[in-house]
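Take a look at the model below.

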Amino acid sequence: MAAVAAHAIVRGSGAMKRRDFVKLSMGFAGLATLPTVSNALAQATAAFKAADVQPPGYPTVVATENLGRKLTASTNGRLSMQMYPSAQLGGEKDTIEQTRTGAIQMLRVSAGSLGPIVDDVNVVNMPFLFRSIAHSEKMMDGPIGQDLLDRVSADPNANLVALCWMNSGARSIYNTKKAIRRVEDVKGLKIRVISNPIFIDMMNALGGNGVAMSYEQVFSALQTGVIDGAENNLPSYVFSNQYTAARYYSLTQHLVIPELLVFSKRAWATLSTDDQALIKKFAREAQVEERDLWKAYEREAMEKAKAAGSEIIEIADKAPFQKAVKPVWDKYGPKYQEMIKRIQDIA
């Protein structure tokens, strides 16, 4: 049976080269589209692969691992999940493609990385869209959040099922050169951004040079001077060790980008409706659990950064930064005008 063979490959994947592993996994994903195999898989044992670029202990990793444990317990081991953190299966761009083909079944991914594939998601990638973290949480928990998840699942090009949102805090700029207190201080700095045209345009509008780069490459790029800095949330800055290379962390908080937990649509189609409902239930619980984990992790990151001598710079007036990104809003805003208004109207 394809399911049994796939399970054997998952257990032996540590000794297998990633490219060979992906090719074989894609082959089994293709078999799963056959009706006879699909019917059998709905009742068979299945071991899902879950991926995340973040390290063990990171809130999204922990919440996804806990989801897997619940799934195993509730199905008496019929369904299980193996977590691959720290970009073991590739960066976000690579793992998105593997999830779309069925080589990976579950993936935590930033809305920033998913935006180029599902354009509707890009609305949450607009700079200074959310008034606060609480505002973004209301969006995720409410009808707009569900609407956006449904749009991902309905996109025929994506081949993904969006299960839930996860917090990732506010993103700020950090660098190796100097403290950024005014928008003028960004001028000329080579700043890494997620590979999405919105973010490149945003950083250029702020006066820097936006450099698209995979997350797992940032630390070495900071060390070697390929880039001067990056922009991300505080836990990513600290627990990826980037804080050891870039001393200055300026709280611009220019982006609040939610993250998504998605499932391969190919693998999803092999599951019974009861199993699908069970995974969705545990995903909703993971959304709430990750939020609590995130807040504690963020506090720990701040303490660790300060203890290591990082300079955490408060931005007294963010209005000049907001004004500087007006060209980004002029370029992309009209496309998402209706959804932007719905988000801004959240009380």
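Which residue in E11 does Tyr-248 stand opposite? Tyr-248 faces Glu-311. The model is a predicted one.

## The sheet

Tyr-248 and Glu-311 stand opposite each other, and their strands belong to an open sheet of six strands. Read across, the order is E7-E6-E8-E5-E9-E11. The pairing is mixed. Two strands form the edges: E7 (209–212) and E11 (311–313). Each of them pairs on one side only. On average, neighbouring strands are turned by 30° against each other, direction ignored.

Now look at the E11 end. Strand E9 covers residues 248–255. E9 and E11 run parallel, and three bridges join them.

## A helix across the strands

Helix H9 spans residues 197–205. It lies across five strands: E5 (171–175), E6 (190–193), E7, E8 (229–232) and E9. H9 runs at about 155° to E7.

## Two helices in contact

Next, find helix H8 (residues 143–154) and helix H16 (residues 337–344). Their axes come within 10 Å. They cross at roughly 150°. Angles over 145 degrees count as roughly antiparallel, so H8 is roughly antiparallel to H16.

Which residues meet here? From H8 come Pro-143, Ile-144, Asp-147, Leu-148 and Arg-151. From H16 come Met-339, Arg-342 and Ile-343. Five of the contact residues are nonpolar and three are charged. No polar residues take part in this contact.

How values were computed:
Residues numbered from 1 in each chain as written. Predicted model: local features only at pLDDT ≥ 70, side-chain atom pairs only at ≥ 80, totals over all residues. Heavy atoms only, no water. Axes fitted to C-alpha atoms, helices over the stretch in contact; angles between N-to-C directions. Helix = DSSP H or I, 4+ residues; strand = E, 2+ residues; numbered from the N terminus. Parallel < 35°, antiparallel > 145°, perpendicular 65-115°, else oblique. Contact = heavy atoms within 4.5 Å. Nonpolar A, V, L, I, M, F, W, Y, C, P; charged D, E, K, R; others polar. Pairing = 2+ DSSP bridges.
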